[in-house]
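Please open the structure in your viewer and keep the selection tool at hand.

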Amino acid sequence: MSTNRGQGHLITSRFAQQPPAAADRRTELDLLEQLGADLFVDVNLSRNRKQSCATCHDPEFAFTDPRTSRAGRAVSTGDDGQSLGDRNTPTLMYAHLTPPLTKRRDGKFAGGLFWDGRASTLEEQAKGPLLNPVEMGMPDAVSVAERIKENQGYAARFRALFGPDVLLDPEQTLDGIAKALAAYQRTSEFSPFDSKYDRWMRGEATLSPQEEFGRVVFVTWNCHLCHTPMRMGDPRTELFTSFEYHNIGLPKNMRVRAINGKGESYVDVGLRDGVQTSDETQSGKFKVPTLRNVAVTAPYMHNGVFENLKTAIQFYNQYTSRRPDLQRNPETGVAWEKPEIETNMSHPQLRTGLSLDDNRIAALEAFLKTLTDKRYEHLLDSKRGESK
């Protein structure tokens with residue numbers, strides 16, 4: 001992807017092809033946001049100069065990774081063209097509204113970024129992929145700073161924004177990158193709140209009978225226990241996540257493990273490692289993601305183990321249904337595999353609610369599609385998230 005980098009330009013070949021409204025949003029950015037927007041699409045910030053933030057967080061696909069790797073779409077390929085992660089790339093949409101990681105009085109954690117909550121701020125999160133050997137692969141802050149200094153346009157902008165000595169200290173340079181990327185992610189491009197659901201909330205759209213039924217299913221089944229809007233009725237804060245961490249009994253994604261080198265014996269303990277605690281009651285818990293744009297951000301779950309949105313819904317249904325056909329994974333045709341970690345499961349949330357019949361499953365899926373931002377509604381007709 002060709003770009004105009006480091007000279008104050010905002011338009012890339014990708015964005016130049018987007019509708020005028022998208023380009024207009026880019027020209028409205030302030031200097032720090034503009035710098036972040038340029039850094040976001042710059043492949044020179046990766047070790048082999050082949051991967052940018054936008055490679056795995058593609059703006060055209062709700063800031064998720066649309067590529068197919070050797071392990072399918074479950075995890076992303078790194079800058080070296082070979083390395084594979086172990087977790088699915090989450091959307092960056094609405095991420096800036098995530099509160100810092102907090103341990104509540106009841107001992108439960110909420111907030112934080114990444115699936116395991118290891119970053120409390122967007123700035124912390126932004127540094128992670130740059131230095132991760134299976135992502136952008138830069139070895140250290142010094143190497144990252146050198147890539148900034150080699151671009152005269154970037155160097156001038158960094159000095160203007162962060163002070164004349166910023167490039168003398170690699171850690172300060174890295175901090176500047178993180179600040180700029182975070183500023184860009186805080187723009188309305190990442191949180192437009194213009195889905196059909198939002199328009200319905202404002203009285204600008206009407207839900208179909210099936211979508212309305214699905215909304216009722218959502219608030220009467222177990223979905224709302226973890227994906228409760230932050231402030232019911234306020235479209236500015238309805239993020240459809242509690243930001244809590246739960247173990248929902250997901251199986252390992254053995255297709256990924258067979259390829260990425262971790263093997264069958266590896267166990268991803270999630271939150272326990274994210275908060276660096278020896279408290280085993282945190283093992284197996286992962287952050288509850290937003291449901292905004294969920295219908296166009298397949299595959300699903302922290303390890304990308306399910307290809308289709310309907311499968312994700314049916315996975316939860318196994319806990320409240322005795323129907324034999326609902327005790328099988330529709331993508332494999334065999335029984336749901338055992339959880340990666342069988343302790344610490346959130347049984348009160350998982351076993352609450354009535355079993356869903358086929359009509360309710362279809363209605364719930366229809367409602368979840370209304371959470372798609374207007375910019376991505378055309379993706380609803382594509383295969384991303386499509387039920388088979």
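Predicted model: local features only at pLDDT ≥ 70, side-chain atom pairs only at ≥ 80, totals over all residues.

**Stop 1: two helices**

Select helix 3, residues 31-40, together with helix 7, residues 152-162. Their axes come within 11 Å and cross at roughly 145°, and the crossing is left-handed. Two packed helices are described by these two quantities, the angle between the axes and the distance between them.

Next, display the side chains where the helices meet. Helix 3 contributes Leu31, Leu32, Gln34, Leu35, Asp38 and Leu39; helix 7 contributes Tyr154, Arg157, Phe158, Leu161 and Phe162. By class, this contact comprises 8 nonpolar, 1 polar and 2 charged residues.

**Stop 2: the largest cavity**

How many cavities of 30 Å³ or more does the structure hold? There are 2. To find the largest, select Cys53, His57, Gln125, Pro129 and Met136, which lie nearest its centre among the 14 lining residues. The space inside is about 130 Å³.

Now colour helix 4 (53-56), helix 5 (122-131) and helix 8 (170-185), the elements that each give two or more residues to this lining. Helix 5 supplies the largest share, 3 residues. The lining of the largest cavity has 8 nonpolar, 5 polar and 1 charged residues.

**Stop 3: the second largest cavity**

Finally, move to the second largest cavity, with a volume of about 60 Å³. Select Asp65, Arg73, Asn88, Thr89 and Pro299, the closest to its centre of the 13 residues that line it. The lining of this second largest cavity divides into 4 nonpolar, 5 polar and 4 charged residues.

Definitions and conventions:
Residues numbered from 1 in each chain as written. Heavy atoms only, no water. 1 Å grid on protein atoms, 1.4 Å probe; cavity = no way out; pocket = protein on both sides within 12 Å on 5 of 7 lines; lining within 4 Å. Points joined across faces, edges and corners; volume = space filled by probe spheres on them. Helix = DSSP H or I, 4+ residues; strand = E, 2+ residues; numbered from the N terminus. Nonpolar A, V, L, I, M, F, W, Y, C, P; charged D, E, K, R; others polar. Axes fitted to C-alpha atoms, helices over the stretch in contact; angles between N-to-C directions. Left-handed = near helix turned anticlockwise from the far one by under 90°. Contact = heavy atoms within 4.5 Å.
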